[in-house]
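Have the sequence and the model open as you read.

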Amino acid sequence: MSPAGCPHVNGFKVDNWKQNLRVIYQCFVWSGSPETRKRKAKSCICHMCGAHLNRLHSCLYCVFFACFAKKHIHEHAKSKRHNLAIDLLYGGIYCFMCQDYIYDKDMEQIAKEEQRKAWKMQGIGEKYSTWEPTKRELELLRHNPKRRRITSNCTIGLRGLINLGNTCFMNCIVQALTHTPLLRDFFLSDRHKCEMQSNSCLVCEMSQLFQEFYSGHRSPHIPFRLLHLVWTHARHLAGYEQQDAHEFLIAALDVLHRHCKDDNGKKANNPNHCNCIIDQIFTGGLQSDVTCQVCHGVSTTIDPFWDISLDLPGSSTPFWPLSPGGDGSTLNGESHTTGATTLTDCLRSKESRMNGQHQQTVDPFSNDNKYSLFAVVNHQGTLESGHYTTFIRQHKDQWFKCDDAIITKASIKDVLDSEGYLLFYHKQFLEYE
(Lines give C-alpha, C1' and ligand atoms only; values in the text may rest on other atoms or scores of the structure.)
Protein backbone atom coordinates (compact mmCIF):
# COMPACT_ATOMS: atom_id res chain seq x y z
CA MET A 1 0.00 0.00 0.00
CA SER A 2 1.37 3.40 -0.96
CA PRO A 3 1.96 6.21 1.60
CA ALA A 4 -1.10 7.94 0.17
CA GLY A 5 -3.31 5.14 1.50
CA CYS A 6 -5.52 2.54 -0.11
CA PRO A 7 -6.60 3.56 -3.64
CA HIS A 8 -9.57 1.17 -3.58
CA VAL A 9 -11.54 3.03 -0.88
CA ASN A 10 -12.84 5.64 -3.32
CA GLY A 11 -14.97 3.00 -5.03
CA PHE A 12 -16.87 2.58 -1.76
CA LYS A 13 -17.32 6.29 -1.08
CA VAL A 14 -20.45 6.87 -3.11
CA ASP A 15 -24.04 7.88 -2.29
CA ASN A 16 -24.78 7.41 1.43
CA TRP A 17 -21.58 5.53 2.30
CA LYS A 18 -21.05 7.40 5.57
CA GLN A 19 -24.49 6.54 6.90
CA ASN A 20 -24.15 2.94 5.75
CA LEU A 21 -20.80 2.61 7.52
CA ARG A 22 -22.24 4.14 10.69
CA VAL A 23 -25.06 1.61 10.71
CA ILE A 24 -22.57 -1.27 10.45
CA TYR A 25 -20.53 0.10 13.36
CA GLN A 26 -23.65 0.74 15.44
CA CYS A 27 -25.31 -2.64 14.87
CA PHE A 28 -22.52 -5.11 14.28
CA VAL A 29 -19.23 -3.77 15.69
CA TRP A 30 -19.51 -1.58 18.81
CA SER A 31 -23.15 -2.43 19.68
CA GLY A 32 -23.76 0.07 22.46
CA SER A 33 -27.29 -0.89 23.49
CA PRO A 34 -28.49 -4.27 24.82
CA GLU A 35 -30.76 -4.60 21.77
CA THR A 36 -27.92 -4.19 19.30
CA ARG A 37 -25.75 -6.61 21.27
CA LYS A 38 -28.52 -9.23 21.10
CA ARG A 39 -28.93 -8.57 17.37
CA LYS A 40 -25.19 -8.97 16.85
CA ALA A 41 -25.11 -12.23 18.80
CA LYS A 42 -27.99 -13.69 16.77
CA SER A 43 -27.15 -12.45 13.28
CA CYS A 44 -23.35 -12.34 13.18
CA ILE A 45 -22.55 -15.85 11.98
CA CYS A 46 -20.62 -16.97 8.96
CA HIS A 47 -23.04 -17.28 6.03
CA MET A 48 -20.96 -20.14 4.65
CA CYS A 49 -20.16 -22.38 7.65
CA GLY A 50 -22.40 -21.01 10.41
CA ALA A 51 -19.52 -20.34 12.83
CA HIS A 52 -19.63 -17.49 15.36
CA LEU A 53 -15.85 -17.19 15.78
CA ASN A 54 -12.94 -17.36 13.31
CA ARG A 55 -12.66 -13.55 13.02
CA LEU A 56 -15.97 -12.66 11.43
CA HIS A 57 -15.90 -9.89 8.84
CA SER A 58 -18.77 -8.12 7.14
CA CYS A 59 -18.71 -7.11 3.50
CA LEU A 60 -19.05 -3.34 3.11
CA TYR A 61 -20.95 -3.64 -0.15
CA CYS A 62 -23.66 -6.13 0.80
CA VAL A 63 -25.14 -7.91 3.81
CA PHE A 64 -22.73 -10.81 4.09
CA PHE A 65 -20.85 -12.13 7.14
CA ALA A 66 -18.06 -14.67 6.77
CA CYS A 67 -14.97 -16.10 8.49
CA PHE A 68 -11.62 -14.46 7.93
CA ALA A 69 -9.62 -17.34 9.42
CA LYS A 70 -11.18 -19.90 7.06
CA LYS A 71 -11.02 -17.39 4.17
CA HIS A 72 -14.77 -17.54 3.51
CA ILE A 73 -14.88 -13.76 3.33
CA HIS A 74 -12.01 -13.94 0.83
CA GLU A 75 -14.05 -16.26 -1.40
CA HIS A 76 -16.97 -13.85 -1.26
CA ALA A 77 -14.74 -10.88 -2.12
CA LYS A 78 -13.27 -12.74 -5.09
CA SER A 79 -16.58 -13.96 -6.49
CA LYS A 80 -18.48 -10.68 -6.00
CA ARG A 81 -15.53 -8.32 -6.49
CA HIS A 82 -16.38 -6.66 -3.20
CA ASN A 83 -12.93 -5.56 -2.10
CA LEU A 84 -13.58 -4.10 1.36
CA ALA A 85 -14.70 -5.79 4.58
CA ILE A 86 -14.88 -4.77 8.22
CA ASP A 87 -13.65 -6.76 11.22
CA LEU A 88 -16.70 -7.19 13.48
CA LEU A 89 -14.59 -7.44 16.64
CA TYR A 90 -12.09 -4.60 16.32
CA GLY A 91 -13.65 -2.47 13.56
CA GLY A 92 -10.66 -2.48 11.22
CA ILE A 93 -11.20 -2.16 7.45
CA TYR A 94 -9.56 -4.83 5.28
CA CYS A 95 -8.82 -4.40 1.58
CA PHE A 96 -8.55 -7.65 -0.39
CA MET A 97 -6.72 -5.90 -3.23
CA CYS A 98 -4.04 -4.49 -0.91
CA GLN A 99 -4.20 -7.68 1.20
CA ASP A 100 -3.92 -5.64 4.38
CA TYR A 101 -5.89 -3.63 6.91
CA ILE A 102 -6.01 -0.05 5.75
CA TYR A 103 -6.24 3.43 7.23
CA ASP A 104 -8.61 6.04 5.89
CA LYS A 105 -9.05 9.30 7.77
CA ASP A 106 -12.78 9.62 7.09
CA MET A 107 -13.53 6.01 8.01
CA GLU A 108 -11.39 6.23 11.12
CA GLN A 109 -13.28 9.32 12.25
CA ILE A 110 -16.63 7.55 11.86
CA ALA A 111 -15.30 4.52 13.76
CA LYS A 112 -14.12 6.68 16.68
CA GLU A 113 -17.38 8.65 16.83
CA GLU A 114 -19.51 5.51 16.91
CA GLN A 115 -17.22 3.87 19.46
CA ARG A 116 -17.57 6.86 21.78
CA LYS A 117 -21.36 6.74 21.38
CA ALA A 118 -21.39 3.06 22.26
CA TRP A 119 -19.16 3.65 25.30
CA LYS A 120 -21.45 6.47 26.43
CA MET A 121 -24.52 4.23 26.14
CA GLN A 122 -22.73 1.64 28.29
CA GLY A 123 -21.66 4.29 30.80
CA ILE A 124 -17.92 3.87 30.28
CA GLY A 125 -17.15 6.74 27.93
CA GLU A 126 -15.52 8.99 30.50
CA LYS A 127 -13.51 6.19 32.03
CA TYR A 128 -12.10 4.43 28.97
CA SER A 129 -12.28 6.94 26.13
CA THR A 130 -9.07 7.44 24.21
CA TRP A 131 -6.98 10.56 24.74
CA GLU A 132 -5.72 12.61 21.84
CA PRO A 133 -3.52 15.67 22.33
CA THR A 134 -4.87 19.06 21.28
CA LYS A 135 -2.92 21.33 18.94
CA ARG A 136 -1.72 23.30 21.95
CA GLU A 137 -0.54 20.13 23.71
CA LEU A 138 1.26 18.95 20.58
CA GLU A 139 3.05 22.27 20.36
CA LEU A 140 4.14 22.03 23.99
CA LEU A 141 5.39 18.48 23.44
CA ARG A 142 7.46 19.55 20.43
CA HIS A 143 9.18 22.33 22.39
CA ASN A 144 9.74 20.38 25.59
CA PRO A 145 13.45 19.48 25.68
CA LYS A 146 12.97 17.12 28.64
CA ARG A 147 10.47 14.78 27.03
CA ARG A 148 11.53 11.15 27.07
CA ARG A 149 12.07 9.09 23.96
CA ILE A 150 11.38 5.38 24.31
CA THR A 151 14.07 3.49 22.42
CA SER A 152 14.70 -0.22 22.01
CA ASN A 153 17.35 -0.18 24.76
CA CYS A 154 15.38 2.06 27.12
CA THR A 155 15.25 0.86 30.75
CA ILE A 156 12.30 2.95 31.89
CA GLY A 157 9.93 0.64 33.73
CA LEU A 158 12.71 -1.49 35.18
CA ARG A 159 13.18 -0.98 38.90
CA GLY A 160 14.22 -3.24 41.73
CA LEU A 161 12.22 -3.74 44.92
CA ILE A 162 13.71 -3.90 48.42
CA ASN A 163 12.99 -7.12 50.30
CA LEU A 164 11.34 -6.09 53.57
CA GLY A 165 11.82 -9.48 55.21
CA ASN A 166 10.66 -12.58 53.33
CA THR A 167 8.64 -10.38 50.92
CA CYS A 168 10.10 -11.78 47.69
CA PHE A 169 6.67 -13.40 47.12
CA MET A 170 5.18 -9.91 46.92
CA ASN A 171 8.02 -8.36 44.89
CA CYS A 172 7.78 -10.96 42.13
CA ILE A 173 4.02 -10.39 41.68
CA VAL A 174 4.45 -6.61 41.70
CA GLN A 175 7.01 -6.92 38.90
CA ALA A 176 4.56 -9.02 36.86
CA LEU A 177 1.64 -6.64 37.44
CA THR A 178 3.61 -3.49 36.61
CA HIS A 179 4.58 -5.06 33.27
CA THR A 180 1.04 -6.11 32.35
CA PRO A 181 0.42 -3.99 29.21
CA LEU A 182 -3.26 -3.11 29.70
CA LEU A 183 -2.82 -2.44 33.42
CA ARG A 184 0.21 -0.26 32.68
CA ASP A 185 -1.75 1.76 30.11
CA PHE A 186 -4.64 2.20 32.54
CA PHE A 187 -2.59 3.56 35.42
CA LEU A 188 -0.12 5.63 33.40
CA SER A 189 -3.03 7.43 31.72
CA ASP A 190 -4.41 8.36 35.16
CA ARG A 191 -7.72 6.54 34.72
CA HIS A 192 -8.29 5.66 38.39
CA LYS A 193 -10.81 7.94 40.13
CA CYS A 194 -10.74 7.07 43.80
CA GLU A 195 -13.80 7.42 46.00
CA MET A 196 -12.18 5.88 49.08
CA GLN A 197 -9.71 7.33 51.52
CA SER A 198 -6.51 7.40 49.52
CA ASN A 199 -4.45 6.08 52.42
CA SER A 200 -6.50 2.86 52.49
CA CYS A 201 -7.05 2.27 48.75
CA LEU A 202 -4.85 -0.42 47.22
CA VAL A 203 -5.69 0.81 43.70
CA CYS A 204 -4.29 4.25 44.59
CA GLU A 205 -1.12 2.59 45.84
CA MET A 206 -0.82 0.58 42.61
CA SER A 207 -1.23 3.81 40.66
CA GLN A 208 1.60 5.33 42.69
CA LEU A 209 3.72 2.22 42.09
CA PHE A 210 3.38 2.63 38.33
CA GLN A 211 4.48 6.25 38.65
CA GLU A 212 7.51 5.12 40.63
CA PHE A 213 8.42 2.37 38.15
CA TYR A 214 8.12 4.57 35.06
CA SER A 215 9.64 7.73 36.56
CA GLY A 216 13.10 6.87 35.27
CA HIS A 217 14.61 6.47 38.76
CA ARG A 218 17.03 3.55 38.99
CA SER A 219 17.40 3.16 42.74
CA PRO A 220 15.38 0.26 44.20
CA HIS A 221 11.91 1.16 45.43
CA ILE A 222 10.79 0.37 48.99
CA PRO A 223 7.19 -0.95 48.81
CA PHE A 224 6.38 -0.50 52.52
CA ARG A 225 3.00 1.15 51.90
CA LEU A 226 1.93 -1.66 49.60
CA LEU A 227 2.93 -4.25 52.20
CA HIS A 228 0.98 -2.38 54.92
CA LEU A 229 -2.16 -2.19 52.77
CA VAL A 230 -1.94 -5.89 51.89
CA TRP A 231 -1.62 -6.76 55.58
CA THR A 232 -4.61 -4.52 56.34
CA HIS A 233 -6.96 -5.90 53.68
CA ALA A 234 -5.70 -9.50 53.47
CA ARG A 235 -4.91 -10.37 57.08
CA HIS A 236 -4.05 -13.98 56.33
CA LEU A 237 -0.92 -12.65 54.60
CA ALA A 238 0.15 -10.43 57.52
CA GLY A 239 3.48 -11.14 59.18
CA TYR A 240 7.03 -11.78 58.04
CA GLU A 241 6.64 -15.47 57.28
CA GLN A 242 7.29 -16.62 53.73
CA GLN A 243 4.01 -16.65 51.76
CA ASP A 244 2.98 -18.27 48.49
CA ALA A 245 3.25 -15.96 45.46
CA HIS A 246 0.18 -17.49 43.83
CA GLU A 247 -1.87 -16.92 46.98
CA PHE A 248 -0.63 -13.34 47.13
CA LEU A 249 -1.59 -12.76 43.48
CA ILE A 250 -5.15 -13.95 44.08
CA ALA A 251 -5.45 -11.91 47.28
CA ALA A 252 -4.08 -8.78 45.59
CA LEU A 253 -6.45 -9.12 42.64
CA ASP A 254 -9.35 -9.64 45.03
CA VAL A 255 -8.56 -6.48 47.01
CA LEU A 256 -7.95 -4.45 43.84
CA HIS A 257 -11.24 -5.76 42.48
CA ARG A 258 -13.10 -4.73 45.66
CA HIS A 259 -11.51 -1.28 45.72
CA CYS A 260 -12.44 -0.59 42.10
CA LYS A 261 -15.79 0.80 41.15
CA ASP A 262 -17.89 -0.51 38.32
CA ASP A 263 -19.41 1.79 35.73
CA ASN A 264 -22.55 2.42 37.76
CA GLY A 265 -20.49 3.72 40.68
CA LYS A 266 -21.32 0.72 42.85
CA LYS A 267 -18.97 -1.56 44.70
CA ALA A 268 -17.69 -4.33 42.47
CA ASN A 269 -18.84 -7.19 44.71
CA ASN A 270 -20.37 -9.35 41.97
CA PRO A 271 -17.63 -10.76 39.72
CA ASN A 272 -20.26 -11.71 37.12
CA HIS A 273 -21.36 -8.10 36.58
CA CYS A 274 -18.31 -5.90 36.90
CA ASN A 275 -16.59 -3.64 34.39
CA CYS A 276 -13.64 -2.66 36.58
CA ILE A 277 -10.21 -2.72 34.97
CA ILE A 278 -9.12 -5.71 37.08
CA ASP A 279 -11.99 -7.86 35.86
CA GLN A 280 -11.57 -6.72 32.27
CA ILE A 281 -7.93 -7.83 32.26
CA PHE A 282 -7.74 -10.80 34.60
CA THR A 283 -11.17 -12.44 34.72
CA GLY A 284 -12.02 -15.25 32.32
CA GLY A 285 -15.05 -17.48 31.98
CA LEU A 286 -15.01 -21.23 32.52
CA GLN A 287 -17.88 -22.82 30.60
CA SER A 288 -19.34 -26.08 31.90
CA ASP A 289 -21.83 -27.99 29.75
CA VAL A 290 -23.98 -30.72 31.30
CA THR A 291 -25.90 -32.91 28.82
CA CYS A 292 -29.04 -34.74 29.92
CA GLN A 293 -28.80 -38.44 29.04
CA VAL A 294 -32.57 -38.60 28.51
CA CYS A 295 -33.58 -35.51 26.51
CA HIS A 296 -30.03 -34.58 25.40
CA GLY A 297 -30.65 -31.01 26.49
CA VAL A 298 -27.56 -29.03 27.41
CA SER A 299 -27.32 -26.88 30.53
CA THR A 300 -24.51 -24.32 30.32
CA THR A 301 -22.90 -22.54 33.26
CA ILE A 302 -20.13 -19.94 32.99
CA ASP A 303 -18.10 -19.33 36.15
CA PRO A 304 -15.52 -16.54 36.43
CA PHE A 305 -11.90 -17.34 37.23
CA TRP A 306 -8.63 -15.49 37.61
CA ASP A 307 -6.23 -18.27 36.79
CA ILE A 308 -6.05 -21.91 35.74
CA SER A 309 -3.75 -24.40 37.42
CA LEU A 310 -2.54 -27.02 34.97
CA ASP A 311 -1.43 -30.60 35.49
CA LEU A 312 2.16 -31.51 34.77
CA PRO A 313 3.37 -34.94 33.57
CA GLY A 314 3.13 -37.43 36.40
CA SER A 315 0.51 -35.45 38.30
CA SER A 316 -2.86 -36.99 39.06
CA THR A 317 -4.51 -33.83 40.41
CA PRO A 318 -7.09 -32.19 38.13
CA PHE A 319 -6.81 -28.50 37.38
CA TRP A 320 -8.54 -26.09 39.75
CA PRO A 321 -9.69 -22.75 38.29
CA LEU A 322 -9.76 -20.30 41.19
CA SER A 323 -12.83 -18.09 41.05
CA PRO A 324 -12.88 -14.42 42.10
CA GLY A 325 -14.23 -14.23 45.61
CA GLY A 326 -14.25 -18.03 45.89
CA ASP A 327 -12.10 -20.52 47.71
CA GLY A 328 -11.43 -22.77 44.74
CA SER A 329 -13.38 -25.63 46.30
CA THR A 330 -15.25 -26.59 43.13
CA LEU A 331 -13.60 -29.26 41.00
CA ASN A 332 -13.67 -28.78 37.24
CA GLY A 333 -12.03 -30.66 34.43
CA GLU A 334 -10.55 -34.11 34.16
CA SER A 335 -7.30 -35.77 35.16
CA HIS A 336 -4.59 -35.85 32.50
CA THR A 337 -2.49 -38.84 31.69
CA THR A 338 1.20 -38.90 32.38
CA GLY A 339 3.83 -38.38 29.72
CA ALA A 340 5.62 -35.60 27.86
CA THR A 341 3.16 -32.71 27.76
CA THR A 342 3.41 -29.22 26.30
CA LEU A 343 1.60 -26.14 27.61
CA THR A 344 -0.75 -26.34 24.63
CA ASP A 345 -1.53 -29.96 25.51
CA CYS A 346 -2.35 -28.90 29.07
CA LEU A 347 -4.82 -26.29 27.83
CA ARG A 348 -6.50 -28.59 25.27
CA SER A 349 -9.25 -31.06 26.05
CA LYS A 350 -8.51 -33.21 23.01
CA GLU A 351 -11.26 -35.67 23.62
CA SER A 352 -14.48 -35.65 25.61
CA ARG A 353 -16.18 -38.76 26.90
CA MET A 354 -19.93 -39.08 26.48
CA ASN A 355 -21.91 -42.30 26.94
CA GLY A 356 -18.64 -44.20 27.08
CA GLN A 357 -17.61 -42.96 23.63
CA HIS A 358 -14.69 -40.67 22.80
CA GLN A 359 -15.65 -37.63 20.76
CA GLN A 360 -13.22 -35.25 19.12
CA THR A 361 -13.86 -31.65 20.19
CA VAL A 362 -13.39 -28.51 18.09
CA ASP A 363 -9.82 -27.27 18.10
CA PRO A 364 -9.84 -24.06 20.18
CA PHE A 365 -6.35 -23.00 19.09
CA SER A 366 -7.25 -20.88 16.09
CA ASN A 367 -5.52 -17.68 15.07
CA ASP A 368 -7.80 -15.75 17.43
CA ASN A 369 -6.54 -17.62 20.49
CA LYS A 370 -2.86 -16.71 20.49
CA TYR A 371 -1.20 -15.24 23.56
CA SER A 372 2.26 -13.83 24.27
CA LEU A 373 4.29 -14.60 27.38
CA PHE A 374 5.39 -11.46 29.24
CA ALA A 375 6.28 -12.61 32.77
CA VAL A 376 7.39 -15.80 34.51
CA VAL A 377 7.54 -16.26 38.30
CA ASN A 378 9.95 -18.91 39.56
CA HIS A 379 10.46 -20.48 42.97
CA GLN A 380 13.62 -22.09 44.27
CA GLY A 381 13.55 -24.10 47.48
CA THR A 382 11.07 -26.29 49.34
CA LEU A 383 7.34 -25.99 49.94
CA GLU A 384 7.98 -24.47 53.38
CA SER A 385 10.70 -21.99 52.41
CA GLY A 386 12.60 -20.68 49.43
CA HIS A 387 13.00 -17.66 47.20
CA TYR A 388 10.95 -16.11 44.36
CA THR A 389 12.29 -14.36 41.26
CA THR A 390 10.61 -13.06 38.13
CA PHE A 391 11.48 -12.86 34.44
CA ILE A 392 9.71 -9.92 32.78
CA ARG A 393 9.57 -8.89 29.13
CA GLN A 394 10.55 -5.33 28.27
CA HIS A 395 9.52 -3.92 24.89
CA LYS A 396 9.09 -6.67 22.29
CA ASP A 397 11.81 -9.21 22.89
CA GLN A 398 14.05 -8.14 25.78
CA TRP A 399 13.93 -10.17 28.98
CA PHE A 400 15.17 -9.24 32.45
CA LYS A 401 15.47 -11.19 35.68
CA CYS A 402 14.10 -9.41 38.75
CA ASP A 403 15.59 -10.71 42.00
CA ASP A 404 14.26 -8.26 44.60
CA ALA A 405 16.51 -5.18 44.31
CA ILE A 406 18.73 -6.68 41.59
CA ILE A 407 17.73 -6.61 37.91
CA THR A 408 19.89 -8.31 35.29
CA LYS A 409 19.60 -8.92 31.56
CA ALA A 410 18.32 -12.40 30.65
CA SER A 411 18.10 -14.41 27.47
CA ILE A 412 15.03 -16.14 26.12
CA LYS A 413 16.85 -19.42 26.84
CA ASP A 414 17.08 -18.44 30.51
CA VAL A 415 13.34 -17.90 30.54
CA LEU A 416 12.44 -21.12 28.74
CA ASP A 417 14.84 -23.19 30.85
CA SER A 418 13.31 -21.97 34.11
CA GLU A 419 10.76 -24.14 35.88
CA GLY A 420 7.96 -21.57 35.65
CA TYR A 421 5.69 -21.51 38.72
CA LEU A 422 3.37 -18.76 37.38
CA LEU A 423 3.13 -17.80 33.70
CA PHE A 424 1.60 -14.48 32.63
CA TYR A 425 0.25 -14.05 29.10
CA HIS A 426 -1.56 -11.29 27.27
CA LYS A 427 -3.61 -11.69 24.14
CA GLN A 428 -1.53 -11.19 21.03
CA PHE A 429 -2.46 -7.64 20.09
CA LEU A 430 -0.24 -5.90 17.55
CA GLU A 431 0.36 -2.82 19.72
CA TYR A 432 1.94 -4.95 22.46
CA GLU A 433 4.20 -6.96 20.17
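A cavity is a set of grid points where a 1.4 Å probe fits but cannot get out, and lining residues have an atom within 4 Å of such a point. This is a predicted model. A search of the whole structure finds two cavities of 30 Å³ or more. A search for salt bridges finds eleven.

**Largest cavity**

- Its volume is about 50 Å³.
- The lining is made up of I173, V174, L177, L202, M206, L226, V230, F248, A252 and L256.
- By class, the lining of the largest cavity has ten nonpolar residues, no polar ones and no charged ones.

**Second largest cavity**

- The second largest cavity holds about 40 Å³ of space.
- C168, N171, C172, Q175, Y388, T389, T390, C402, D403 and D404 line the second largest cavity.
- At least two lining residues come from each of α7, β11 (386–394) and β12 (398–403).
- Helix α7 gives the most to this lining, with four residues.
- The lining of the second largest cavity divides into four nonpolar, four polar and two charged residues.

- Side chains of opposite charge can pair when their charged atoms come close.
- K13 and D106 meet in a salt bridge, at 3.1 Å from N to O.
- K13 sits in the segment before α1 (17–29) and D106 in helix α4 (residues 105–121), 93 residues apart.
- K13 is partly exposed, at 21% relative accessible area, and D106 is also partly exposed, at 37%.
- R22 pairs with E113, their closest N and O atoms being 2.7 Å apart.
- R22 is in helix α1 and E113 in helix α4, so this pair ties together parts that are 91 residues apart in sequence.
- R22 counts as buried because its relative accessible area is 19%, and buried means under 20%.
- E113 is partly exposed, at 26% relative accessibility.
- A network of salt bridges links R22, E113, E114 and K117.

- D417 forms a salt bridge with K413, and the closest N and O atoms are 2.7 Å apart.
- Both residues lie in helix α14 (residues 412–417), four residues apart, or about one turn of the helix.
- D417 is exposed, with a relative accessible area of 53%.
- K413 is exposed too, at 55% relative accessibility.

Note on methods. Residues numbered from 1 in each chain as written. Predicted model: local features only at pLDDT ≥ 70, side-chain atom pairs only at ≥ 80, totals over all residues. Heavy atoms only, no water. 1 Å grid on protein atoms, 1.4 Å probe; cavity = no way out; pocket = protein on both sides within 12 Å on 5 of 7 lines; lining within 4 Å. Points joined across faces, edges and corners; volume = space filled by probe spheres on them. Nonpolar A, V, L, I, M, F, W, Y, C, P; charged D, E, K, R; others polar. Salt bridge = Lys/Arg side-chain N within 4 Å of Asp/Glu carboxyl O. Buried < 20%, exposed > 50% of the residue type's maximum accessible area, 1.4 Å probe, protein only.
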